[in-house]
Amino acid sequence: MTAHALDTEAEARLKAAAAAPGPAEIGTGLRWGILALLAVGALIAFVNRTNISSALVVPAFKAHFQLTDVDRGWINSAFFWSYAALQVPMGWLVDRYGVKTPYTLCFLLWCAASAATGLVGSLAGLIVMRLIVGAAEAVVVPASYRWIRNNFAEGQSGTAVGLYMIGTKFGPAIGAPVAAWLIVALDWRAMFLITGALGLLWLIPWALMVRSDLPHGADRLAARRRGSAIPASRLLVNPLVWGTLVVNFCYNYFTFYCMTWMPGYLVEQRHLSLSKMGLYSFFSFIGIAVVALAAGWAADRMIARGRNAVLVRKGFTIAGFLLASTVVLGAYATSLNAALFWNVASLSGLGLATANNLALCRLTLIPAPAVGLVTGFQQVATSLAGIVAPILSGWLLHATGSYTAPMQVIFLFLIVGALSTAFLLRADWAPRIEPAA
């Protein structure tokens, strides 16, 4: 039997095994409206995640907390330590108890902690607030993908993920500039209070539009049993799950490099002004968001016409990794225009992989009852990339005095990501649900 036939047969078996009762059917307009609301929720999460980066360059802020460079490093990393630690527990939580209630409580907590950052007076208090924000935001991705998996068919999931990802890309694109503007217009305390408190307005449409997806009575017990249909121990020895972890790490290594070191590269190596640096960074993140939405929609149309979902999404993902690897051409470019072109083009090109990789790794290949837990595992890999990328890139920059070496490492990880997608993301390796007793 050919590899294509094996993929087709495995995909059909996976769809049948993944079928599980979901929430009551909702109207098309409301479904897409809630998806847009989830995208805005992700944007708010990124604004509260990245506002600290603007504060850390403000002399008054550094003087108030008597921050050394080592202290600033700890503050930057504090978010990801708690964020990584709670990914799997949050995935388990939404698998067993639904999306609405856990998301609501965590949203309240991270907005409150972000606002309270403007009131703390010690370094220890500052780090605690960042840990709380990271812990509460750990719910965002597992809950969002669980909701998408339950409410969108395979032929819509690429577009759905692409729309959701706009929020995750616009967040870092506007988070630091908005925070910087508020600091200049008011001060750093007001910035934290405003960005934290304003986010709470999102809870009003969330409460009105989203029904509880937590079943009642006997149905609740059945849902909890389905949430345990694939034990974590079996997921951790599954080769496809490990393949998704590698692919997610490689994808996010590049994106976290862009969030943390792209400004330094543009200012220090390409000698742009701060305003021009912000403009090109903005274009890069907007580029990946637009391409992600378009690529997700195109893949959905191909699947709707009968193409194999696994093969289509793998093709887009591999193409995205390969286009993103052109970032290394920017390192060797001798002209400013060429360097800026590859800076924007490489991150925008990764958009081909964005929605399709996530749909493949978190929806297409994963049975519905395990989406939250598997997404939690994958988010640990994502968080690891968030820890490793800025540290390793900074060390390579210190050791070599150039951004060329950091970009060479990005190139290697992107090639590993493409190869892992091709050879490890196999439908016949997908985890299966235990038969009911």
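**Exercise 1. Where is His271, what is its phi, and is it buried or exposed?**

Solution. Start with the place: His271 sits in the loop between H14 and helix H15 (274-304). Helices here are DSSP runs of H or I with at least four residues, numbered from the N terminus. Before going on, note that this is a predicted model, in which local features need pLDDT of at least 70 and side-chain atom pairs count only at pLDDT 80 or more, while totals for chains, interfaces and linings use all residues. Residues are numbered from 1 along each chain as its sequence is written, and side-chain values use heavy atoms, with hydrogens and water left out.

Next, look at the backbone. Most residues other than glycine have a negative phi. His271 is not a glycine, yet its phi is positive, about 60 degrees.

Last, check accessibility. Buried means under 20% relative accessible area, exposed over 50%, and partly exposed in between (1.4 Å probe, protein chains only). His271 has 64% relative accessibility, so it counts as exposed.

**Exercise 2. Which kind of aromatic pair do Phe65 and Trp188 form, and which kind do Trp188 and Phe192 form?**

Solution. First, the rule: rings of Phe, Tyr and Trp (its six-membered ring) pair if their centres lie within 6.5 Å; planes under 30 degrees apart count as stacked, over 60 as edge-to-face and the rest as tilted. The whole structure holds 25 aromatic pairs.

Now take Phe65 and Trp188: with 5.6 Å centre to centre and 55 degrees between the planes, this aromatic pair is tilted. The pair joins distant parts of the chain, since Phe65 is in helix H3 (residues 59-65) and Trp188 in helix H10 (residues 188-199), 123 residues apart. Phe65 is buried because its relative accessibility is 6%, and Trp188 is buried because its value is 7%.

Then take Trp188 and Phe192: they are 6.4 Å apart centre to centre with 80 degrees between the planes, an edge-to-face pair. Both lie in helix H10, four residues apart, about one turn of the helix. An α-helix has 3.6 residues a turn, so residues three or four places apart point the same way.

**Exercise 3. What span should helix H8 have, and how many of its residues are buried?**

Solution. Ten of the twelve residues are buried, so H8 is largely enclosed by the rest of the structure. Among the buried ones are Val141, Tyr145 and Trp147.

**Exercise 4. What is the volume of the largest cavity, and which residues are closest to its centre?**

Solution. On a 1 Å grid over the protein atoms alone, a cavity is a set of points where a 1.4 Å probe fits but cannot get out; lining residues have an atom within 4 Å of a point. A volume is the space filled by probe spheres set on the points, which are joined across faces, edges and corners.

The count is three cavities of 30 Å³ or more. The largest has a volume of about 260 Å³. Of its 22 lining residues, Phe46, Val141, Met165, Thr168 and Asn252 are closest to the centre. H14 gives the largest share of the lining, six residues.

Terms used. Helices (H or I, at least four residues) and strands (E, at least two) are DSSP runs, numbered from the N terminus. On a 1 Å grid over the protein atoms alone, a cavity is a set of points where a 1.4 Å probe fits but cannot get out, and a pocket is an open set with protein on both sides within 12 Å along at least five of seven lines; lining residues have an atom within 4 Å of a point.
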